[in-house]
Amino acid sequence: MSPCGSCCTACRPAGCRRARTWRRCRTALINPAITPLGDEKVDLWERCLSLPGLYAQVPRFKHIRIRYQNTDAEWMERECHGFHATLLQHECDHLDGVLYPARMPDATALAYASEVCGPSGTYEYTVADFEGR
């Protein structure tokens with residue numbers, strides 16, 4: 001569990017000392033509910049262990065609020081942007097039984113990893129990807 005209640009440097013409260021170690025911190029999100037903060041979306045290449053070898057461009061909100069209970073049953077809220085916002089939307093979809101292809105605007109947004117990534121097999125994101133540039 002993260003002492004700051006957040007796993008992302010962009011979303012962490014001021015003064016959190018875990019900025020450089022966010023990959024190691026964990027936060028339990030029980031009964032999460034996401035609320036978009038604005039209409040702005042970004043199309044990102046997503047993949048999932050549920051559909052190995054595939055990627056798809058999926059529109060996700062750039063800025064969200066997530067409300068959830070922690071392991072002490074206390075309600076918490078966080079605002080998230082960029083990568084953290086898209087990751088939470090993807091994972092909360094799983095809780096609702098939704099895989100990312102259901103969020104694609106059309107089937108042409110689906111591709112094999114080799115088409116998107118080339119020989120590396122992994123898409124390398126940039127900050128600009130999350131800003132919609």
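In this predicted model, the largest pocket holds about 520 Å³ of space. Its lining is made up of 22 residues. Those nearest the pocket centre are Glu 46, Arg 47, Cys 48, Leu 87 and Tyr 125. Strand S2 (41-46), strand S3 (54-61) and helix H1 (82-95) are the elements that each give two or more residues to this lining. H1 supplies the largest share, with five residues. By residue class, the lining of the largest pocket splits into 14 nonpolar, five polar and three charged residues.

Two of these elements, S2 and S3, run antiparallel and are joined by six bridges. Within that pairing, Leu 44 stands opposite Val 58 of S3. S3 also pairs with strand S6 (residues 110-112), again in the antiparallel sense, over three bridges. Here Tyr 55 has Ala 111 in S6 as its bridge partner.

How many aromatic pairs does the model contain? The count is zero, with ring centres required to lie within 6.5 Å of each other for a pair. Aromatic rings do, however, have charged side chains over their faces: Lys 41 lies over Phe 61, and Arg 67 lies over Trp 75. The distances to the ring centres are listed below.

| Charged residue | Ring residue | Distance to ring centre |
|---|---|---|
| Lys 41 | Phe 61 | 4.6 Å |
| Arg 67 | Trp 75 | 4.1 Å |

How values were computed: Residues are numbered from 1 along each chain as its sequence is written. This is a predicted model: local features need pLDDT of at least 70, side-chain atom pairs count only at pLDDT 80 or more; totals for chains, interfaces and linings use all residues. Side-chain values use heavy atoms; hydrogens and water are left out. On a 1 Å grid over the protein atoms alone, a cavity is a set of points where a 1.4 Å probe fits but cannot get out, and a pocket is an open set with protein on both sides within 12 Å along at least five of seven lines; lining residues have an atom within 4 Å of a point. Grid points are joined across faces, edges and corners, and a volume is the space filled by probe spheres set on the points. Helices (H or I, at least four residues) and strands (E, at least two) are DSSP runs, numbered from the N terminus. Ala, Val, Leu, Ile, Met, Phe, Trp, Tyr, Cys and Pro count as nonpolar, Asp, Glu, Lys and Arg as charged, and the others, Gly among them, as polar. Rings of Phe, Tyr and Trp (its six-membered ring) pair if their centres lie within 6.5 Å; planes under 30 degrees apart count as stacked, over 60 as edge-to-face and the rest as tilted. A charge sits over a ring if NZ of Lys or CZ of Arg is within 6 Å of the ring centre and within 35 degrees of the ring normal. Two strands pair if DSSP finds at least two bridges between them.
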